[in-house]
Amino acid sequence: MTTAEPNAEAPKRGRHAKRDDTDDQPVDESRDDEKSPDEDTAEEPREKSPEAEASDVSPDAEARDGDSGGADPHDDESAADEKPTDEKQAGAAREHKPSAATAVSAQPREEQPAEPTRKRSGHAIAHHPAGPSLLTAAALVIALALVPLLFDQLRFEVASRAADAARSAAAPWPAVSEPWFWPGWVATAAAIIGLVVLVVAAIGIRLPDVAVLVTAVVLAAATARAAWATFGVLNAGLWELIPVCIVCVIAFAAAVTAAFRWRSPDKDDSGTGAGEVAGVTIGAWLLVVLLLLGGSAIASSAETHAFGNVTSPPQDLAGLLSVRAADAPELDDLRGSWVPQVAAAQVDDDAGASAYAVVHHDWTTRFPTVLARGDDVGADDLDDTWWLSLVAQPVGSEAEAAAWCATNSVPNCTPRLIGD
């Protein structure tokens with residue numbers, strides 16, 4: 001059997017090089033001796049996984065390993081030389097093998113689900129951004145409704161005139177009045193809302209922002225109507241009512257400010273804020289008292305006030321309305337009784353109102369007279385365009401009222417029943 005001689009011109013090297021070995025071919029030991037570790041290191045293969053390396057072993061190499069039979073000293077020496085190289089390959093593979101942390105970071109990061117927006121549970125009014133303004137508006141409205149009752153208890157002229165001035169804007173209840181700055185039902189509704197705001201704030205009940213906004217808007221709309229009456233007061237020269245106008249304008253401005261601050265922060269608050277509520281309320285009430293007393297004192301000294309017992313009659317329709325508001329408590333005492341009616345006129349404009357104000361003023365110098373509007377007495381033949389001058393002397397029957405007219409020789413005097 002003949003064997004092929006190895007190609008001497010181009011010998012193949014390397015651990016994985018193919019060569020034709022047979023049982024009869026001698027091993028070229030000199031070639032193995034000349035092979036240095038540096039050559040092994042220079043020819044080490046690319047980094048491969050253990051599975052790839054196992055698959056890359058050629059069948060010839062496996063046959064060579066099987067045919068070698070006994071242990072060759074040179075082969076052991078070559079294996080020893082290759083062992084460090086294998087360790088280097090394993091170390092390099094470990095260096096290039098991504099760690100668990102690197103693999104996790106290399107993976108696309110999953111977006112964390114957004115935390116659900118925390119719903120506002122509400123804030124106590126005292127801790128709400130709109131709280132101070134809303135409390136101020138509410139306290140001023142309540143003060144206008146209650147201050148006539150306070151002044152009625154003070155037995156001096158300035159307080160009485162201050163009470164009369166306040167009744168132009170005070171709610172019909174609890175102080176008996178006929179407000180003309182705003183309709184009576186609007187004044188009553190505003191007073192009730194103001195009272196609720198103060199109570200809720202003192203207790204510390206948490207309110208959502210929407211409730212604060214609605215409350216502020218309602219108070220702003222109501223006080224806007226009252227503040228608008230300032231133009232009528234100035235045109236009629238009712239200087240004693242200027243303090244009332246100032247209170248209404250401040251209440252309107254505070255309510256508008258509260259409406260613009262209706263959004264609250266997400267942070268939680270603690271406590272009820274009862275101290276803040278008490279401070280704002282007392283401060284607003286003191287402001288109203290001082291403004292009205294000071295205004296009445298100034299107007300009294302200048303003798304320019306516009307009520308029934310003054311030296312000059314009021315002007316325009318606003319003047320009649322202010323007198324009617326001041327006389328409302330006395331008219332309320334006459335309900336259910338007959339009284340003498342000494343004058344009456346239908347007024348359609350400011351000129352007619354100014355003319356009738358002079359007539360009514362003349363009667364107040366002769367008798368204790370109150371001014372009423374047609375719809376105040378409950379008569380079917382009168383509406384709100386009629387104005388009446390009534391003597392504040394109630395009698396038990398129509399005949400007694402007619403007798404009073406005859407006794408005092410008052411022309412055009414007729415009995416009038418004041419309805420409940």
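The legends below describe close-up views of a predicted model.

**View 1. Confidence along the chain of the predicted model.** The chain has a mean pLDDT of 77, with 67% of its residues at 70 or more. Confidence is highest in helix 11 (residues 242-260), where the mean is 96, and lowest in helix 2 (residues 37-42), where the mean is 43. The pLDDT is below 50 over residues 1-85, a stretch that has 46 contacts in the model beyond near neighbours in sequence. Residues 304-310 also have a pLDDT below 50, and this stretch has 26 contacts beyond near neighbours in sequence. Where pLDDT is low, the predicted coordinates should not be read in detail.

**View 2. The largest nonpolar core and the surroundings of Trp182.** This core has 78 residues, and those with the most contacts inside it are Trp180, Phe181 and Trp182. Helix 7 (residues 131-152) gives the most to the core, with 13 residues. Neighbours within four places in sequence left aside, Trp182 is in contact with residues including Val141, Ala169, Ala222 and Arg225. A second, separate core of 11 residues includes Val339, Ala379, Leu382 and Leu390.

**View 3. Helix 8 and the helices packed against it.** Of the 10 residues of helix 8 (residues 157-166), 7 are buried, so this helix is largely enclosed by the rest of the structure. Among the buried residues are Arg161 and Asp164, together with alanines including Ala162 and Ala163. The buried residues of helix 8 pack against helix 7, helix 11, helix 12 (274-302) and helix 13 (316-333).

**View 4. The salt bridge between Asp152 and Arg167.** The closest N and O atoms of this pair are 2.6 Å apart. Asp152 lies in helix 7 and Arg167 in the loop between helix 8 and helix 9, so the pair ties together parts that are 15 residues apart in sequence. Asp152 counts as partly exposed at 30% relative accessibility, whereas Arg167, at 3%, counts as buried.

**View 5. The salt bridge between Arg416 and Asp381.** The two side chains meet at 3.9 Å, N to O. Because Arg416 lies in strand 6 (residues 414-417) and Asp381 in the loop between strand 4 (369-373) and strand 5 (386-391), the pair ties together parts that are 35 residues apart in sequence. Arg416 counts as buried at 14% relative accessibility, while Asp381, at 55%, counts as exposed.

**View 6. A nonpolar patch on the surface.** Leu195, Val199, Ile203 and Ile205 form this patch, with about 350 Å² of accessible area together. Ile205 is placed in the loop between helix 9 (184-203) and strand 2 (206-207), and at 40% relative accessibility Ile205 counts as partly exposed.

Key: Residues numbered from 1 in each chain as written. Predicted model: local features only at pLDDT ≥ 70, side-chain atom pairs only at ≥ 80, totals over all residues. Heavy atoms only, no water. pLDDT = per-residue confidence, 0-100. Helix = DSSP H or I, 4+ residues; strand = E, 2+ residues; numbered from the N terminus. Contact = heavy atoms within 4.5 Å. Core = buried A, V, L, I, M, F, W, Y, C linked by side-chain atoms within 4.5 Å. Buried < 20%, exposed > 50% of the residue type's maximum accessible area, 1.4 Å probe, protein only. Patch = residues over 30% accessible without salt bridge, like charges linked within 9 Å, V, L, I, M, F, W, Y side chains within 5 Å. Areas by Shrake-Rupley, 256 points an atom, 1.4 Å probe, with all protein chains shown as cover. Salt bridge = Lys/Arg side-chain N within 4 Å of Asp/Glu carboxyl O.
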